[in-house]
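Student: Could you walk me through some features of a structure, one at a time, giving the general idea before the case?

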Amino acid sequence: MAMRPPQYQISRRTRLLIPVVILLALLLSGFGALVSLYTDVLWFRDVRYSQVFSTVLGTRIIMFTIFGAGMAVIVGANLFIAHALRPQFRPMSLEQQNLERYRMAIEPRLRLLILGVAGLFGVITGMSAQGGWKTWLLWRNGVPFHVKDPQFHRDLSYYAFTYPFQRYVLGFLFTAVVMAILGSLIMHYLFGAIRLQTQTAGERMTAAARAHLSVLLGVFVLLKAWAYYLDRFGLVFSDRSTAKVAGPSYTDVHAVLPAKTILLLIALICAVAFLANTVVRNFSLPIIAFALLVVCALLIGGAYPAAIQTFQARPNANTKEAPYIERNISATLAAYGLSGVKTTPYDAKKVVTAAEVKADTGTVPNARLLDPSVLADTFTQQQQVRPVYGFASKLDIDRYAFNGKTQDFVVGVRELNDADLQGVQGNWINRHLVYTHGNGFVAAPANQVDGDGGPIFVSGALTAADKKATGEDSRTVISVDQPRAYYGELLPSYSIVGKASGPDREFDRPGNGGGQDQVNNTYAGKGGVPISNTLRKIAYALKFREPNVLLNSAVTSKSRIIYVRDPRKRIEKIAPFLEVDGDPYPAVIGGRIQWIVDGYTTSDGYANSQPTTLGEATNDTFTNRGTASQPQAQVNYIRNSVKATVDAYDGTVTLYAWDEKDPVLRTWRKVFPKLIQPKSAISAELQAHLRYPEDLFKVQREVLSRYHVHDPQTFFSGVASWSVPGDPTTPKSEAQRPQPPYYIVAQSPGDTKASFELITALNPINKENLAAVVSVSGDPDTYGRFTVLEIPSNTVIPGPNQVQRNFTSTADVARDLTLFDQGGSRVRFGNLLTLPVGGGLLYVEPLYVQGEGQGSQPLLRKVLVAFGGKVAYQSTLAEALNQLFGPGAAALVTSSGSGASPSPSPTPSPGGSASPPTTNAAELAAAVKDIQTALDHLSTAQKNGDFAGIGQAQADLAKAIARFQNAQKG
């Protein structure tokens, strides 16, 4: 007799241990969720927006309950029904004998098993559903757009708010019915209502099982009929058009739409056939009906539209698609806020006189020499004060009144940068209790430099001695009453502030001398969550995985914990329905540093509008290099609906409705009635610092590059399309990304005064010459006004990349680039600005030189300008303009303080570059020798790790370069 293989059984102890381990894992997971929930409650109370937390949490619970319970009921009820309809007597075939063992094992625990399976499906569905809380709230609170789509004549709110929810419900019901059908099939088979092994076909399924499954299949086909009904409205988002535009195409309207209607009727007939099978009890009729539906779906829904597309639409696309292209153009311009934008022909001059340049009083004197993306190292070296401070890798541009007129400034906050805390200095106490905040708002006029090519600071010094040493006390134009920054872009994840007694602990600033090394302070603001009891300390110790929060004696009942400190993340947490601009910027409002953040409402449900991928449209050289990236989400509607401020000292968040007519914003204001203040609450001082948002402008320029064309025939041909040029200042070692737009103070053609603008250049598609210059005003009086200067197709003006190649191929520039890029230093090109001046286009680009050693900083050494194909290259903007246009062109630049007084320069040569001035050969040779000597010393010091020697060599190199430049002028 054959021996049976040994049976391995799990021990009783192991059987008991497994559920205990699972239970502990669930408890730990649940406990972590409870800690997160509790700390979120405390945080929202601190920021005084508990309504947001409670509304979102309540909606998530509702969604979880409704859809989770719905799935559980549908699946569970059908499993119970299938079991209840089991046959009392089953033929004892081999198949049934094998199944009997499973039935005997399951039957005693069947009710519990069904409830468990239904509960599992319910939990999974509920967890998925609660993530759709935004869809639910938009459906429940949607307001009308008061605009109807041209095909179905429904208000656009249906497509933005109702249609997505209907689709969600349909998907849920489809899933629930499919799960019910599969579960019922298994249950019917297990208990003998469906038999695969039988003598006659009629015995394969009982009448009760046939009726049950017929009802479920009938419901499924009814849902398919609803899907066909919704598909009709979904055509407003179709991408079938030969013209590559969104919305119903010729084929959609003349073939797909009728096909969907016919299929809807057939699906209803098919559903009736399945439901009738509960009485007829013969699958022949529903099978025939279902086969008819499948065949019609293939022929009417697939083959017929394909034939129309192939034989009618595509061969005559320019005429057949014209009315639908027109719909798309109109809807797209409206959806992206571009309906009123018109192009202006701009036949750019290639030659202008010095007098014409001098007459430009709004643009040329304000030409920006300081690039905020380059100067972070300069600000750090000259304004860091202590190694624990730092500046963001990309500074910001804002404007203030200076000498009686608006002036743009490069601005930044001297923030705490704990990344520089090393060794013993980087312990937990220093990182979270001592070094808690930044201190100072640092600003410098964007169009001026000092004698060394560095910024001229007008604010930011921490002590009176510093102000006197830098001359800031004689020129301060930005007064800051509260310079401390506990909220910003570089600060650590959390800090614990406040004290019960004893001396001040938080480092505030360097001392004033006389033996005073530093000044400490204690936070006195209202920001931060009080950790006044043991429960809160335990919660935050668990949240940040740091026992010192609970154990350190300096954490007392008077302490507060400050976290979620980044302005963007703070806004995103308080207003989770907003997309937030990638570049918050600081401004001084009422004597306090305020971070200003732009918020966008977006939608992918604007009928007939062309979708755009937000992350791709906003990507440029600065993305993830000082500017946060946007999500890779498809949108076809966007508004800058909210302006928000975050107080840098106490973290107070204030949201203002900027576009109060935006239907999406009006819907969210119904959801959160106390969250957003009206536009009228914006103070005049704050409004003076609001900018046109950069990410919105980048999306709009992407749209305008194609949708500046309004004629359907021309649009279809694509010959007039534009493209965003690659950034010409990208180093050769990096892949070129799109050129960012730039904030400037300039006077657009036809204006009577300068305004604060955001400007960009555009190329013709697949070409490098200039096609257009697009700018938008950020001033309160003209906010949002676009100026699109279109270059006629018969006029060839060099584009940014062509101008950059002209710059670097000029003999003087090429020679200096070789010199500056030798060991120990490198060249950094600043922003290449495209400025409408004198009826033509002036390009201005600063050139910086930066050492390679530790503590080096970029300083302005040269300025390149170009106009009409000619290039000038000098040490100052004034000299370059006089060289390019002739003496007197830079009179206003000189009087405004930009650069040194210009010296006489020769007239530009017809070949394109200005003729180089004669030089003193002996002085030039000596300067070159001194430069080489300084570079040798620098290389030696770097190899030896001699930081003092590096500093001395860099100073010698700067002096030698200055002598070289003076020799050139001679």
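Tutor: Let us begin with the surface, keeping in mind that this is a predicted model. Helices α7 (207–234) and α8 (250–280) each supply at least two residues of a nonpolar patch.

Student: Which residues form the nonpolar patch on the surface, and what accessible area do they have together?

Tutor: The patch is formed by V215, V219, L222, L265, L268 and L275, which together have about 430 Å² of accessible area; of these, L265 is found in helix α8.

Student: How should I read the crossing of α2 and α5?

Tutor: Angles of 65 to 115 degrees between axes count as roughly perpendicular. The axes of helix α2 (residues 50–84) and helix α5 (residues 133–141) cross at roughly 100° and come within 9 Å, and the two helices are therefore roughly perpendicular to each other.

Student: Which residues meet where α2 contacts α5?

Tutor: From α2 come V56, T59, R60, I62, M63 and I66, and these meet W133, W136 and L137 in α5. By class, the residues of this contact divide into seven nonpolar, one polar and one charged.

Student: At what angle do the axes of α24 and α25 cross?

Tutor: The axes of helix α24 (residues 800–809) and helix α25 (residues 811–820) cross at roughly 75°, coming within 5 Å, which makes α24 roughly perpendicular to α25. In this contact, F807, T808 and S809 of α24 meet A811, V813, A814 and L817 of α25, a set with five nonpolar, two polar and no charged residues.

Key: Residues numbered from 1 in each chain as written. Predicted model: local features only at pLDDT ≥ 70, side-chain atom pairs only at ≥ 80, totals over all residues. Heavy atoms only, no water. Axes fitted to C-alpha atoms, helices over the stretch in contact; angles between N-to-C directions. Helix = DSSP H or I, 4+ residues; strand = E, 2+ residues; numbered from the N terminus. Parallel < 35°, antiparallel > 145°, perpendicular 65-115°, else oblique. Contact = heavy atoms within 4.5 Å. Nonpolar A, V, L, I, M, F, W, Y, C, P; charged D, E, K, R; others polar. Patch = residues over 30% accessible without salt bridge, like charges linked within 9 Å, V, L, I, M, F, W, Y side chains within 5 Å. Areas by Shrake-Rupley, 256 points an atom, 1.4 Å probe, with all protein chains shown as cover. Salt bridge = Lys/Arg side-chain N within 4 Å of Asp/Glu carboxyl O.
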